[in-house]
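This report is an introduction for a reader who is new to the structure shown below. Please keep the sequence and the model in view while reading.

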Amino acid sequence: MQIPNADRAVIDPVKLYGYLLSHNHPIGRFKAAFFLTLGYSSEGWRQLETDLRSQHLSQDATRGNQTRYGQKYAIRATLVGPSGSSAEVVSVWVVRTGEEFPRFLTAYPEGGR
């Protein structure tokens, strides 16, 4: 199944350059090291946004937990980075209660957080 209204997905830029691709964030820096191996950088965060939209949101999702905030979904798919390297990545999304479109929560390498 695909995430409902994936074409309307919201990806907060701060989640990308301020967390996933930040070498200074206390938790994100570990993810940033991984994404760097694929060729992503905090300066080039728009490329990660584009690739999540084209390479992940078009793939099947697994319905996760329903929380008080909304319905979570996870997509496990290959992500090919700007360097040409690829890896299996999990992206996590939520359709908030009262909304009809997904919001990006996080991403991490398959098998790790």
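## Helix α1

In this predicted model, helix α1, which covers residues 13-20, has Leu16, Tyr19 and Leu20 as buried residues. These residues span an arc of only 115 degrees around the helix axis, and they therefore lie on the same side of α1.

The buried residues of α1 pack against helix α2, against α3 (45-56) and against strand β4.

Strand β4, one of the elements that the buried residues of α1 pack against, belongs to an open sheet of four strands, which are arranged in the order β1-β2-β3-β4 and paired in the antiparallel sense. Because β1 (62-66) and β4 (102-109) each have a single partner strand, they stand at the edges of the sheet, and one side of each is left without a neighbour there. From one strand to the next, the twist averages 30 degrees.

In general, the strands of a sheet pair through backbone hydrogen bonds, in either a parallel or an antiparallel manner. Here, strand β3, made up of residues 86-96, pairs with β4 in the antiparallel sense over seven bridges, and Val89 stands opposite Pro109 in β4.

## Helix α2 on the sheet

Helix α2, formed by residues 28-37, packs on the sheet, where this helix touches β2 (70-80), β3 and β4. The direction of α2 makes about 75 degrees with that of β4.

Definitions and conventions
Residues are numbered from 1 along each chain as its sequence is written. This is a predicted model: local features need pLDDT of at least 70, side-chain atom pairs count only at pLDDT 80 or more; totals for chains, interfaces and linings use all residues. Side-chain values use heavy atoms; hydrogens and water are left out. Two strands pair if DSSP finds at least two bridges between them. Helices (H or I, at least four residues) and strands (E, at least two) are DSSP runs, numbered from the N terminus. Axes are lines fitted to C-alpha atoms, for helices over the stretch in contact, and angles run from 0 to 180 degrees between N-to-C directions. Contact means heavy atoms within 4.5 Å. Buried means under 20% relative accessible area, exposed over 50%, partly exposed in between (1.4 Å probe, protein chains only). The arc is that of the directions from the helix axis to the C-beta atoms.
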